[in-house]
Amino acid sequence: MTDLPKKITDDPYGAAILIRRLVTEQGLAYWRRYLLAFALMGVGAATTAGSAYLLGQVINKAYVDKDVRGIVLLSFVTIVIFTIKARRPTDTP
């Protein structure tokens, strides 16, 4: 049976070594692009969390507050947000 690495850095072909190589070899030349990529990943994560929060508010308006006007307003906002998120750059005319 093969021995598995004890630590994440023990595997010479593992993800930790690959990430370290990317940062040391390419990090100085492409740090702006890496920063932009991390910022855009943060925006994507924030919009996903925001849409989940918004859906929770719609459900609360429906079952807790029983507010029809709030349900309609938040549902419309949810539809608009999901429509904007679903558009791809190639969809533009």
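Biologist: What pattern does the protein follow when read along the sequence?

Modeller: The pattern is α-α-α. The model is a predicted one, and the protein has three helices and zero strands.

Biologist: How do you know that the length of α2 agrees with what a helix should span?

Modeller: Helix α2 covers residues 31–65. Its 35 residues should span 51 Å at 1.5 Å a residue, and the end C-alpha atoms are 49 Å apart, so the two values agree.

Biologist: What does α1 reach from its first C-alpha to its last, and what is expected?

Modeller: Helix α1, residues 15–26, has 12 residues and reaches 16 Å, close to the 16 Å expected at 1.5 Å a residue.

Biologist: Why is α1 said to lie largely in the open?

Modeller: Of its 12 residues, the number buried is one, so α1 lies largely in the open.

Biologist: Why is L22 called partly exposed?

Modeller: L22 is in helix α1. Its relative accessible area is 40%, and partly exposed covers the range between the 20% limit for buried and the 50% limit for exposed, so L22 counts as partly exposed. Leaving out residues up to four places away in sequence, L22 touches G27 and Y34.

Biologist: What makes Q26 partly exposed?

Modeller: Q26 also lies in helix α1. Its relative accessible area is 30%, which falls between the limits of 20% and 50%, so Q26 is partly exposed. Not counting residues up to four places away in sequence, Q26 touches R21 and Y34.

Biologist: Why are α2 and α3 called roughly antiparallel?

Modeller: The axes of α2 and helix α3, residues 68–86, come within 9 Å and cross at roughly 160 degrees. That makes α2 roughly antiparallel to α3, because angles over 145 degrees count as roughly antiparallel. The crossing in which α2 passes α3 is left-handed.

Biologist: Which residues of α2 meet α3?

Modeller: Among them are T47, S51, L54, L55, V58 and A62.

Biologist: Which residues of α2 are buried, and what covers them?

Modeller: The buried residues of α2 are S51, L54 and V58. What covers them includes α3. As a general point, an α-helix has 3.6 residues a turn, so residues three or four places apart point the same way.

Biologist: How do you know that S51 is buried?

Modeller: The relative accessible area of S51 is 8%, and buried means under 20%, so S51 is buried. Leaving aside neighbours within four places in sequence, S51 is in contact with F82 and K85.

Biologist: Where is K66 found, and is K66 buried or exposed?

Modeller: K66 is found in the loop between α2 and α3. Its relative accessibility is 61%, and exposed means over 50%, so K66 counts as exposed.

Biologist: What is the phi of K66?

Modeller: K66 follows α2. Its phi is positive, about 50 degrees, although K66 is not a glycine.

Methods: Residues numbered from 1 in each chain as written. Predicted model: local features only at pLDDT ≥ 70, side-chain atom pairs only at ≥ 80, totals over all residues. Heavy atoms only, no water. Helix = DSSP H or I, 4+ residues; strand = E, 2+ residues; numbered from the N terminus. Expected span 1.5 Å × (residues − 1). Buried < 20%, exposed > 50% of the residue type's maximum accessible area, 1.4 Å probe, protein only. Contact = heavy atoms within 4.5 Å. Axes fitted to C-alpha atoms, helices over the stretch in contact; angles between N-to-C directions. Parallel < 35°, antiparallel > 145°, perpendicular 65-115°, else oblique. Left-handed = near helix turned anticlockwise from the far one by under 90°.
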